[in-house]
Amino acid sequence: MKRLKELFSNLQDFYLLSIQGLLNVGRRPFYFKDLIEQMDYAGAGSLIIILLVSLFIGMALSLQLSAELSRVGMKMYTGKVVGVSIIREIGPVLTALVFAGRVGSGMASELGSMVLGHQVDSLRVFGVDPVKKLVCPRILSAIVMLPVLTIIGDAISLLGGYLIAVFVSHQSGAVYWSSIRDVFVYENVLAGSVKPFIFGYLIACISCYTGLSTKGGAIGLRRTTTKAVVISFITIIVSDFILTRILLYVLGFSV
Amino acid sequence: MIEFDHVSFSYGARPVLEDVSFLVHADERVAILGGSGDGKTTILKLILGLLKPDSGKILIDGEDIEDKTEDDLKEIRTKFSIVFQEGALFDSLSVKENVAFGLREYTKMSEREIDQKVRVLLRKVGLEEAMELMPEQLSGGMHRRVAIMRSVAAFEPKMFLYDEPTTGLDPVNADIICKLILDLSQHGNGFIVVTHKIFDAVKLAKRFMFLRNSTMVFDGNMEKLLHSSIPEIQIFLRELNLT
């Protein structure tokens, strides 16, 4: 009973922080320097890892699909299937998972160490709202940078798929890119581009909340970072399913 | 004036303060002694409204701070200057930016004026040359000196609050910090220093409080402290006799 009460109390605090974090984005004072710093850390800092992961996922997917489709004589559809999978599903989810592992854990541990080092208390003593100063720039940077990274990751995954389709599976490059072009329709692009905004918001809120509720020294900090990553991963995957269901319904796909 | 009226506070199921009452005037020099985890730092956080008591009242200049919002508390917090344990400098800001932090938040000074004020403050503690350094590049003593200057840069506090200001410092640096604390209170500003170093407490304070197992078991002057029969105080005093 006590644990249940604690869970509900934590959930209430989490929702409050998430709402306050979003609402305060548009309220003065604005901390532009912090925002730029966070965008640099979340965006530019994550680029290389996103490029690498996306390239190899695109290549692996193309390899698997080429092998399977060639058995039924439909190898020419590799581009189309790779395109739909990457744009609608794998791209946004994969980028969000990498983002949560790198940026989310960083946010949680940074805020956690600020709590333990009394830096958050110092902010409050100086009359600075920690939500505005620490949470808002992180939420905004995640909402802006995750979609950007997803677009770049998608492009690199498609390139990886192309390399395998052309140089390993010996398909025509022109056919591959024309299939990809066919996939770039409003429904697919919308389905793939809505998710990163929501994932970014969720990752930032979860990481900031776990960071700001850190207790108990170095062990507490370890627990915080692990918790931020695990909860973010689960939330991304569950919310991806829910969003997919909603988007398919809204965009008129029949299942 | 700070008044604690039967204040109790706990972290979850663990009581940290139980039925603590005291009254401290703004010009008093008080040391709160006690073991680790006995609630010394919690008292400072309660004074500033960073924590809310489970029961009891906290009055600052006669004003109950319990139901105050963060915005209302801003004004109350300007009456104090606090230096947290280990300084609590902002890691991502340079020494100059740390000291200038309050000036940027609270004043409308130009960049040039801020720069000049920061230089003057850092010069006082012999750290003008360290202005561009990051906190990670500072020694423990430098950290505390910067933190003290940061805490007085923006506003003129009535009272200073110090959380373990000399813990982890060598005797030379601890002495520098003690002298700085006394210098700052020359103009009649009092302070509350929370420490477990009796030697520094005796150097600084005129009134002593002692916390044991979440309760205030002693409140008195030096003479009363030396003649206290409380075993824990005797243990603290033994350290004093050795030095």
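**Entry 1: B:Ser214.** I began in chain B. I counted 20 other C-beta atoms within 10 Å of B:Ser214, so this residue is buried. B:Ser214 sits in the loop between β9 (207-212) and β10 (215-221) of chain B. I then checked the backbone. Phi of B:Ser214 is near 75°, which is positive in a residue other than glycine. I noted at this point that the model is predicted.

**Entry 2: B:Glu164.** I looked up another positive phi. B:Glu164 has one of about 45°, and B:Glu164 is not a glycine. I found B:Glu164 in the loop between β7 (159-163) and α6 (171-184) of chain B. Is B:Glu164 buried or exposed? B:Glu164 is buried, because 21 other C-beta atoms lie within 10 Å.

**Entry 3: the largest nonpolar core.** I asked which residues touch the most other members of this core. They are B:Leu161 and B:Val193, in a core of 125 residues. Helix α4 (residues 78-116) of chain A gives the largest share of this core, 18 residues. I went back to B:Leu161 and listed its contacts, leaving aside neighbours within four places in sequence. They are B:Leu44, B:Ile47, B:Phe80, B:Ser81, B:Ile82, B:Phe191 and B:Ile192.

**Entry 4: where the chains meet.** I counted 16 residues of chain B in contact with 11 residues of chain A. On the chain B side, α2 (70-77) and α3 (95-106) each supply at least two residues. The largest share of that side comes from α3(B), with four residues. I sorted the chain B side by class: eight residues are nonpolar, two are polar and six are charged.

**Entry 5: α3 of chain B.** I stayed with α3(B) and looked for its buried residues. They are B:Val95, B:Asn98, B:Val99, B:Ala100, B:Phe101, B:Gly102 and B:Leu103. What covers them includes α4 (111-124) and α5 of chain B.

I took up the pair with α5 next. The axes of α3(B) and helix α5 (residues 140-153) of chain B come within 7 Å and cross at roughly 25°. Angles under 35 degrees count as roughly parallel, so α3(B) is roughly parallel to α5(B). The crossing of α3(B) and α5(B) is right-handed.

I wrote down who meets whom. From α3(B) come B:Val95, B:Asn98, B:Val99, B:Phe101, B:Gly102 and B:Leu103. From α5(B) come B:Val146, B:Met149, B:Arg150 and B:Ala153. The contact of α3(B) with α5(B) has seven nonpolar residues, two polar and one charged.

**Entry 6: chain A as a whole.** How many helices and strands are there in chain A? I found nine helices and zero strands. The C-alpha trace of chain A spans about 70 × 40 × 35 Å along its principal axes. Chain A has 255 residues, and 44% of them count as buried. I also checked contacts in chain A with a separation of 6 or more. Residues 24 or more positions apart account for 87% of these.

**Entry 7: two helices of chain A.** I looked at α6 (130-167) and helix α8 (residues 186-212) of chain A. Their axes come within 8 Å and cross at roughly 145°. The crossing of α6(A) and α8(A) is right-handed. I noted part of the contact: α6(A) brings residues including A:Val135, A:Ile139 and A:Leu146. Among those from α8(A) are A:Phe197, A:Gly200 and A:Cys208. By class, the contact of α6(A) with α8(A) has 14 nonpolar residues, three polar and one charged.

**Entry 8: A:Ser169.** I moved on to the loop between α6 (130-167) and α7 (173-183) of chain A, where A:Ser169 has its place. A:Ser169 counts as partly exposed because it has 19 C-beta neighbours inside 10 Å. I listed what A:Ser169 touches, not counting residues up to four places away in sequence: A:Ser66, A:Lys75, A:Thr78 and A:Ile164. I followed up A:Thr78, which is 91 residues from A:Ser169 along the chain. Their C-alpha atoms are separated by 9.7 Å.

Entry 9: A:Pro29 is in the loop between α1 (2-23) and α2 (32-42) of chain A.

How values were computed
Residues numbered from 1 in each chain as written. Chains lettered and ligands numbered in written order. Predicted model: local features only at pLDDT ≥ 70, side-chain atom pairs only at ≥ 80, totals over all residues. Contact = placed C-beta atoms within 7 Å. Nonpolar A, V, L, I, M, F, W, Y, C, P; charged D, E, K, R; others polar. Buried ≥ 20, exposed ≤ 12 C-beta atoms within 10 Å, placed from the backbone. Axes fitted to C-alpha atoms, helices over the stretch in contact; angles between N-to-C directions. Parallel < 35°, antiparallel > 145°, perpendicular 65-115°, else oblique. Left-handed = near helix turned anticlockwise from the far one by under 90°. Core = buried A, V, L, I, M, F, W, Y, C linked by C-beta atoms within 7 Å.
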